[in-house]
Amino acid sequence: LILPIQTQHVLLATSSSAMSFWGARVAPGETAKVSVPAGEVLHLSQACLDPAVSSGASSRVIVEQNGTSFVVAALKEGGQECCALDLFLDLSEAKLKVVGKATVHLTGYFES
């Protein structure tokens, strides 16, 4: 089952600046499609397995930058199903990919 990548943006206002929520549902073998507002970077806050994942399924979240891949989260149903992250990414230089057997929900926000 291959699910399409879904993303969502919601504007959150704070007293000092505006932040925009970002979320993507990324299927295995897919790269997150991200439309970055001008002058902002993505703060990747969390990676969680999709609730409908098969028993025992696992996936890794990978950041690809300058031709090198870095695993930033390894998730497995029945084990670590969610991972808190604190990564600021310039997506003009980096890509977010999911490899494995499970769809992953990535969440964060844009910050200038």
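Helices (H or I, at least four residues) and strands (E, at least two) are taken here as DSSP runs, numbered from the N terminus. On that basis the chain has zero helices and eight strands, so its pattern along the sequence is plainly β-β-β-β-β-β-β-β. The model is a predicted one: local features need pLDDT of at least 70, side-chain atom pairs count only at pLDDT 80 or more, and totals for chains, interfaces and linings use all residues. Residues are numbered from 1 along each chain as its sequence is written, and side-chain values use heavy atoms, with hydrogens and water left out.

Some overall numbers come next. Of the 112 residues in the chain, 33% count as buried, where buried means under 20% relative accessible area, exposed over 50%, and partly exposed in between (1.4 Å probe, protein chains only). The accessible surface of the chain comes to about 6300 Å², and 51% of that belongs to carbon and sulfur atoms; these areas come from the Shrake-Rupley method with a 1.4 Å probe, and for residues only the protein chains shown count as cover. As for contacts (heavy atoms within 4.5 Å), residues 24 or more positions apart account for 70% of those in the chain with a separation of 6 or more.

Turning to the sheet, three strands line up in the order S5-S4-S7 to form an open sheet with antiparallel pairing. Two strands are said to pair if DSSP finds at least two bridges between them. S5 and strand S7 (94-100) are the edge strands, each pairing on one side only. On average, neighbouring strands of this sheet are turned by 20 degrees against each other, direction ignored; the axes are lines fitted to C-alpha atoms (for helices, over the stretch in contact), and angles run from 0 to 180 degrees between N-to-C directions. S4 and S5 pair in the antiparallel sense over eight bridges, and Val63 stands opposite Phe70 in S5.

Ser59 sits in strand S4 (residues 58-65) and, at 3% relative accessibility, counts as buried. Its side chain reaches two backbone atoms: the nitrogen of Lys101 at 3.4 Å and the oxygen of Ala102 at 2.6 Å. Polar contacts of this kind are pairs of N or O atoms within 3.5 Å; within protein, one must be able to donate a hydrogen and the other to accept it, and residues adjacent in sequence count only if both atoms are side-chain atoms. Neighbours within four places in sequence aside, Ser59 is in contact with residues including Ala73, Ala74, Leu75, Val98 and Val104.

Asn66 is found in the loop between S4 and strand S5 (68-76). This residue is exposed, with a relative accessible area of 68%. Its phi is near 50 degrees, a positive value in a residue other than glycine. Most residues other than glycine have a negative phi.

Finally, the cysteines. The structure holds one disulfide, a disulfide being a pair of cysteine sulfur atoms within 2.5 Å. Cys48 and Cys82 form it, with their sulfur atoms 2.1 Å apart. Cys48 lies in strand S3 (residues 41-49) and Cys82 in strand S6 (residues 82-89), so the pair ties together parts that are 34 residues apart in sequence. Cys48 is buried at a relative accessible area of 16%, whereas Cys82 is partly exposed at 35%. What about Cys83, and how far is its sulfur from the closest cysteine sulfur? That closest sulfur belongs to Cys82 and is 7.5 Å away, too far for a bond. Cys83 is buried, with a relative accessible area of 13%.
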